[in-house]
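Reader: I would like a close look at one part of this model, the charged pairing between side chains. Please set it in the context of the chain around it.

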Amino acid sequence: MEISDGMDIARYASISAQNSTMEGVGIAMLSKAMDAQEQMGAALTQMMEQSVNPNLGANIDLRV
């Protein structure tokens, strides 16, 4: 029974380490996704601020 208990402890430690690693990877991926969303939000805000200017793009220079 002692050998079996030792194997159970080793198996539990291995599973626990694997779960910890998977959790760390998941958190890193979420962090990257949040950073990307922040950048896209900032770009969208900048585009919206530019569109508020009514004179922007109203005049076109043409030469014939």
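Author: A salt bridge here is a side-chain nitrogen of Lys or Arg within 4 Å of a carboxyl oxygen of Asp or Glu. By that rule, this predicted model has 1 salt bridge. Side chains of opposite charge can pair when their charged atoms come close.

The two partners are D8 and R11, whose side chains meet at 3.6 Å, N to O. That distance falls within the 4 Å cut-off, so the pair counts as a salt bridge. Both residues belong to helix α1, which covers residues 2-51, and because D8 and R11 are 3 residues apart there, about one helical turn separates them.

The setting is simple to describe. The chain has 1 helix and 0 strands. Of its 64 residues, 0% are buried. The accessible surface of the chain is about 6,400 Å², and carbon and sulfur atoms account for 61% of that area.

Helix α1 also carries a residue of another kind, L44. Together with M47 and M48, L44 forms a nonpolar patch on the surface, and the three have about 320 Å² of accessible area together. L44 is at 45% relative accessibility and so counts as partly exposed. A residue needs over 30% to be part of a patch, so L44 passes that cut-off.

Methods
Residues are numbered from 1 along each chain as its sequence is written. This is a predicted model: local features need pLDDT of at least 70, side-chain atom pairs count only at pLDDT 80 or more; totals for chains, interfaces and linings use all residues. Side-chain values use heavy atoms; hydrogens and water are left out. Helices (H or I, at least four residues) and strands (E, at least two) are DSSP runs, numbered from the N terminus. Buried means under 20% relative accessible area, exposed over 50%, partly exposed in between (1.4 Å probe, protein chains only). Accessible areas come from the Shrake-Rupley method with a 1.4 Å probe; for residues, only the protein chains shown count as cover. Patches are made of residues with over 30% relative accessible area and no salt bridge: like charges are joined within 9 Å, nonpolar side chains (Val, Leu, Ile, Met, Phe, Trp, Tyr) within 5 Å.
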